[in-house]
Amino acid sequence: MEPVIDQACAAALYAEGDAALDTGASLLAAAPEADDALHRRGEEFVRRAWERGWHPADLVRFVRLELDERREVLAATLIAAETARYGELPPRWRAQLAELPGAAPRNKPDRFGYASDLLELYRLLLRLPAIEPVGPVPGTAADHLHRPPAPGEPRMLTRIRALLAKAEATGFPEEAEALTSKAQELMARHSIDEALIAARTRSTETPGACRIGVEPPYESAKAILLDAVASANRCRAVWNGDLGFSTVVGFEADLEAVELLFTSLLVQGTAAMTRAEAGQRASGRKRTKTFRQSFLMAYAQRLGSRLADTTERATAAADMDTDTDTETGAGTAEGTSGLLPVLSARDVAVTETAERMFPRTTTTRVRGATDLDGWNHGTEAADRARMGDHRKGPHGGPRDGEIMA
């Protein structure tokens, strides 16, 4: 059946326009015996995507953004089939696969429409750009490198996850603030503990990377929020607006913290924005889009300064504890005199890794907020979600933001 597949793909995938897709789909619709070979060809295209640096979540996100949810489900079906051949996958891959939509039934609503959808998906897969790898390709000799810790996450992360889930679920801002603040304290302590253990044991761990989706609408504000969370957790974030994600570079424990905290703060911020917007509408306001954009920009930028302050305080307190331990003989790694040299070395490693992965990044200026009410409400929401106790400073006005891209 390969000749039929080759003929259909030649007609549809290497030419532009709907007419080319229709020709290929007609050939496939008339050859039901070629169905299995057609899907195997799609799995080959998925494998090529892995070799170009893509991961499952990246791929389905891009298909959804470029095509639609129907083709997203088809992509997920091919991904599930292709990855089933590997005996073992890194935890981050397994987590992404678990979140894929269910398999699409074949030849629905009819053979021609189904074949047309597949060919349009294949056309997109065939033209995927190569992106910076954030780990080895499954099944290669190097696929054991740079993996997150094996199954069974540390108890501390389980506690953090539970606290953030409660913060997202509660309808009381004060309770959400207390829960999120406690979660951030645990994150900071966990990151510092991991750094000290690595120094004491002379670990050879190097920084890794992960990609986190940053999708419309208001993606620039979301990217700024992710950048703030990454910086506060000793990571670097690089935004690719065209492909709908940011790549975060850092040590594994810090990457986990960034993923957890960004997701939670985005949920909390969206809920706060919805409540504030309802109040604005009740007062007769109609500028929904500008209100939301301004709200999220203020929320992201305000949280950035709060997160940075919290990290500084947590580090200073931990450094005092470490100095005391050193004086009494508990000690850090041989050759260090406290926490700060350990963290500084890790910061240098993260920066060097990010610059090696992305040697041509630029600082992109994004459009500032234009709705003062949205800005003020977003600032207040950021204060409620703050990551620890601090003295309030004066509110800043709307301004442009900057982000690495």
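Buried means under 20% relative accessible area and exposed means over 50%, with partly exposed in between. Keep those limits in mind as we walk through this predicted model, because they place Arg70, at 47% relative accessibility, among the partly exposed residues. Its salt-bridge partner is Asp68, with 3.9 Å from N to O. Asp68 has 22% relative accessibility, so this residue also counts as partly exposed.

Let us turn next to Arg41 and Asp6, whose side chains meet in a salt bridge at 2.8 Å, N to O. Here the link spans distant parts of the chain: Arg41 belongs to helix H3 (residues 35-51) and Asp6 to helix H1 (residues 2-12), 35 residues apart. Arg41 counts as buried because its relative accessibility is 13%, whereas Asp6, at 39%, is partly exposed.

Another salt bridge joins Arg292 to Glu277, at 3.0 Å from N to O. Since Arg292 sits in helix H12 (residues 288-328) and Glu277 in helix H11 (residues 252-282), this pair ties together parts that are 15 residues apart in sequence. Is Glu277 buried or exposed? With a relative accessible area of 6%, Glu277 is buried, while Arg292 is partly exposed at 26%. Salt bridges can also join up into a network, as they do for Asp58, Arg61, Arg64, Glu72, Arg211 and Glu215.

Now for the sheet. Three strands form an open sheet in the order E1-E3-E2, and their pairing is antiparallel. Which strands stand at the edges? They are E1 (208-213) and E2 (236-240); each has a single partner strand, so one side of each is left without a neighbour in the sheet. On average, neighbouring strands here are turned by 25° against each other, direction ignored. In general, strands of a sheet pair through backbone hydrogen bonds, either parallel or antiparallel. Between E1 and strand E3 (residues 245-250), which run antiparallel, there are six bridges. Gly208, for instance, has Gly250 in E3 as its bridge partner.

Helix H13 (residues 339-357) lies across E1, E2 and E3, with an angle of about 140° to E3.

Terms used
Residues numbered from 1 in each chain as written. Predicted model: local features only at pLDDT ≥ 70, side-chain atom pairs only at ≥ 80, totals over all residues. Heavy atoms only, no water. Salt bridge = Lys/Arg side-chain N within 4 Å of Asp/Glu carboxyl O. Helix = DSSP H or I, 4+ residues; strand = E, 2+ residues; numbered from the N terminus. Buried < 20%, exposed > 50% of the residue type's maximum accessible area, 1.4 Å probe, protein only. Pairing = 2+ DSSP bridges. Axes fitted to C-alpha atoms, helices over the stretch in contact; angles between N-to-C directions. Contact = heavy atoms within 4.5 Å.
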